[in-house]
Each structure stands twice: as structure tokens, then as C-alpha cells.
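Biologist: Thanks for making time to go through this model with me. Where shall we begin?

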Amino acid sequence: MSSEGYPRRTRHLPHSPLFADPVHYMDHNKRAKLSYEKAKAIGLSYDMTIDDLLSLSPKFWQLHNDPAVLLDGGAITLLTIQYNLCAGTIARYAKRRPELLPLVEDLLRYRKHGQYMMTELGHGLDIGNIETTATMLPSGDFVLNSPTPSAAKFMPPTVPAGLPCVAVVFAKLIVNGEDRGHRPFVVPLNDGKQMCTGVQSKLLPYRGGPHPLTHSLTTFRNVRLPRAALLGTLEKPADLHANLMDIIHRITIGTIALGCLALPFMQCYTTIGTMYSLRRRIGGPGRQTPILTFRTQQAPILTAAANAYVMQALQRWAIEKFCDTRLDGRVRHGIAAIFKGVMVQHSQQAALGVSERCGAQGLFAHNQMTCLHNEMRGIAIAEGDVLGLAIRLVNELLIGRYAMPPPADPNSLLARHEAGLFADLHAIIKDVPHHRSAEVNRLILPHCQPMMEAIGHRMAYDAAVAQGVRPALVDLYVASVVRLDPAWYAEHAGLGRAAQQALETRAMDAVLPMLGELVKEMDVFAYVTAPIVEDARWGAFVDSLKTFEGNARLDDVFAPPRGTLGVQPEMVRSHL
């Protein structure tokens, strides 16, 4: 079943006052602070330990599959920053520095807030050139500075939010005037009420669409740090780039962890789309028909359902491979990138496809879908921008630095598509002088993301077949992937337009009778707050809306004309 292996540790939360009280009329500042409380409630439901963080236990992955994300995406954002990035980074060093254990425990028990500050305003994905410096003083302490406006840390939510807040801050370590590469430092940011001395946080305007968070621009001015703030050694590493990749290893974990969140998103879209389409009817009394009767309504919902089941199979396979330390680390990173890429792709397809079939109702945040779509836009960028991941991965595959696990069935339709795209790009790159040449920029880079997604589609197919996903769902998944590149399949697989349409039609015909069962197995209804799914919910929602009534009268609307209307005939004619 779709929810099998993912216990609902937060099932008690949706109907609690913290989560059940409506927020749509609430001030954004209050909503942002409320997300911290929700993050705490979700986190404490898991009773996470330092061993869970370091071993990437099943509980760690269950957290990132929890449908509680459907209730408040901002809360999950705060929680995964605090647990995976901040506490996870410190926990790694706590194995050798037991004095750090109480801090990790404070973060896991939500006695402190935790942030993770790497990206800078002027550098984005170019993390190798971040400017923040931590200069060692003769006393052994450090002084932390943002030397230019472009060095401001962008965009962790660092304004005070009620609890003391610490951050893992990445900076260039300067010792005796020598740049010794990047290091993480534990830096106190605020005491929950005001910022610490030398730390400045500028609150950014709220993002449009998702649950509001207090994203900020944060700078440091002569912030004094003790020697213990440094995580790592003072020695200059032999390979600065390898050192940087090592100290940000929790980002790679976040790549696959954030990709997991797309699964409850797709399950939510399927559930809302199905229930709304059964509730919404057309026709007069006695002969009303649910709009789910129509194939145009069925198509995006059935596709979202099939994608959700196939993506869950891919998720299980990807997590198993990612946690296998016997594999080349670059391959594990590649699997994480591919997984995130296809999860984001299919989640966003479902968001638009299903919400559009809900008409004007699909435009409103209280029906969840537009809000989740915007949350996923942020997830696509966080912990590894999908396009950036694709460019790095595909170029390294093309020049032969390593290879992804091969297909279980090289003759499958999706494996042939993957191989065909790769062969086309490889034919280009083998004739260019360098993999960073202008030709690669023009001819390879624009195709890296579709190439990475094609690898992911094949991996998903293999995983679904191996794990026994219903054949009808697998067939519909294949048909939906074919639609993403119909020209290739017509040119190279002998599937013309009519054949592609027939492939999809047969698959949808087979999946439609099982739709109700699929939605039930997804088991996310408790987390669906959209009022459009049930008449009773809709009635309660309407009753909760702000209502405006009165006794005003506009007596002049239908009053007889008083003389001329004040408009000359010539003026009227001039506008005709």
C-alpha cells in the first residue's frame, strides 16, 4: 500500500487547536511565528535522537515523508533545517567533541532554534567563493565578519522567534593572514527576543504563495567567537574543494530528504482532485453527473496517482542506495540529485494539472494546491537547485568520471530513451576541446535537466517493476513519461502520435476502476484541509468566513433622469 512503512506519528496533530484553527485571515507575522510552534510539535512527535541523525534511521526518512507538510510547509522547512542541517552537522563533530552533545540535544528537544547559513546574496550556488570570514586572533578566538554587502547570508529565517537561536555558519578560515578554506562555526544569533551583538538580521518581504517564513538577510560585524565555535581543524586541507564538499555533506542528505516531501504532495493532489471531482456535478435535478465522468477530468488525477505509486518505489530504492556506504560517494550524490529532480518534476505536474481541473476553486490557498505548488518551488532550489545538480551530474557522466547504476531492462522503453539522449550528448562532448567550452555551454547545458530526468524515469520504472507496483500504474507512468518527449519516441521507438495516445488511453482505462482504492491506501485524508472535498466541510468553511451585511440604500441608482445627462450628442458620436 502507498502508506505502508510510513507510520503516521503526527496523526494526532491535524485536529489539535495548533493546527486546526484557520490561518487564512491571520496576519503574516503571526502565521510565521506560529510555524515555529508547529515545527516543534511535529519534531517532538518523532522523539529524534542523535543516532537517528547520524545513521539516517527509518525514523529520519519517515519525518521527511510525513503528511504534516500538507498542513504547514513553513513548519517542515524550519524543522528540516533544524534537524538535518544544523543539528546533523554539529552531531557529526560531537562524536569527537562530547561537549557539543548538550547543544544537539537542545536542538532536538526544541529548547533552541537552529539555522544553517551557507549561501550568500552575491554568490548563490557559487559556494566556493563565499566571502564571510572567520579570522583567528592571537588569543585563539575568532572574529566573524561579512566584508561586503554581497556576503550577507541569504535567506535563513534568523529574526528572533521566542527561543534562543544558534546557527551553523560557513566562513573562510583566516589564520595568520592565510586563507585555509571554508569551515563551519557554531554562532549564537539571538536570545529569542533580540539579536546578539554584531549580528544584524533584515527581514525580507514574505514570499508570495507558500506559508510565510521570516526569511532574512543576515550579516556579521566583528562577532567574537570562542575557539570552541570552530567545527573542524585549523590545518589547511590538501584539497580545498574536497574539504568544502565534505563539510556540507548534510546538504546532499537534504537533497534526497527534501525530494521525499513530494510524495505526500502528490498523494494530496490525487485525494483532493478525486474527491472534488466526485462531489462536483453537472446537469439538472435527477440527472446530475459527477465531473469525474469525463476523461479530461480523470487524466491529471489518474496520472498523479500513478506517479505517486511509482515515485514511492523509486524513493525506497533511492534511499537504500544512498545509505549504502559501499557505493562511490559520487554515485550516491548522483542518485540523490536524480531522485529529487524527478520528484519535483512529477509533483509540479500534478499540482498544475489537478488544480486547473478544480477551476477557480483551485486558485485559492485554502484549497492547499496553489500553496503546495509554491512550497515545491522553494524545495526545488533548497539543498541543491535541480538545474545546478543536473548540470554537474550530466557533465560528469559524459566525461566518464563515474556511472549511474545500469538499467535492469536495457530494452525497456524508458531505458532506450535514456540511452538515446545520452548518446546524442556524448557525440557532442567527445568532439569539443574541454567540458567547460563554449560548445558545451550552448549544446549540452540546455539538455542536462531533461537528461537527468530521463535517467530518473528509467530508475523509477525499474524500481516499480521490481517492487511489484500494480502493472496498470506502471503502464500509465510510462505513457505519461512518453508525453514529455513525444518526438523522440516517434522518431526512435516507432511510436507515432496515434500509438502514444492509445498507450495512454489503455492505461487510464485500467487505472480508473481502482482510483478509490488507491486514494484510500494513500492515507492522507486526515491531513487534507481543502474544504472543496466534502459538502459538510464546505458548509463549515462558508460559515467561518467573514460576513458583511448592513442596511445601506442607494436611492439614486434607479432614479428618473433629471434633465439632460450632461453628455453632448457630438461627444457620444466621437466615441463610437
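Biologist: Leaving aside its neighbours within four places in sequence, which residues is Ala 91 in contact with?

Modeller: Ala 91 is in helix α5, residues 73-94; helices here are DSSP runs of H or I with at least four residues, strands are E runs of at least two, and both are numbered from the N terminus. With a relative accessible area of 0%, Ala 91 is buried, a word that stands for under 20%, with exposed for over 50% and partly exposed in between (1.4 Å probe, protein chains only). Taking contact as heavy atoms within 4.5 Å, and setting aside neighbours within four places in sequence, the partners of Ala 91 are Ile 50, Leu 54 and Val 104.

Biologist: Since this is a predicted model, at what pLDDT do side-chain atom pairs count?

Modeller: Residues are numbered from 1 along each chain as its sequence is written, and side-chain values use heavy atoms, with hydrogens and water left out. The model is predicted, so to speak of local features takes a pLDDT of at least 70, totals for chains, interfaces and linings use all residues, and side-chain atom pairs count only at pLDDT 80 or more.

Biologist: Good to know! Which residues are exposed on the other side of α20 from its buried ones?

Modeller: In helix α20, residues 515-522, the buried residues are Leu 515, Leu 518, Val 519, Glu 521 and Met 522. They lie on the same side of α20 because they cover an arc of only 160° around the axis, judged by the directions from the helix axis to the C-beta atoms. Their cover includes α9 (262-279), α10 (295-322), α17 (471-482) and α19 (497-511). On the other side, the exposed residues are Gly 516 and Lys 520.

Biologist: What phi does Glu 383 have?

Modeller: Glu 383 sits in the loop between α12 (369-381) and α13. With a relative accessible area of 12%, Glu 383 is buried. Although Glu 383 is not a glycine, its phi is positive, at about 50°.

Biologist: Is Glu 396 buried or exposed, and with which residue does it form a salt bridge at 3.5 Å?

Modeller: Within helix α13 (residues 386-398), Glu 396 lies 4 residues from Arg 392, about one turn of the helix, and their side chains meet in a salt bridge of 3.7 Å, N to O. At 14% relative accessibility, Glu 396 counts as buried, whereas Arg 392 at 36% counts as partly exposed. The salt bridge at 3.5 Å between the closest N and O atoms joins Glu 396 to Arg 401.

Biologist: How far is the sulfur of Cys 371 from the closest cysteine sulfur?

Modeller: A disulfide needs two cysteine sulfur atoms within 2.5 Å, and the whole structure has 0 disulfides. Cys 268 is buried, with a relative accessible area of 0%, and Cys 371 counts as buried at 7%. The closest cysteine sulfur to that of Cys 371 is in Cys 268, too far for a bond, at 10 Å.

Notes
A salt bridge is a side-chain nitrogen of Lys or Arg within 4 Å of a carboxyl oxygen of Asp or Glu.
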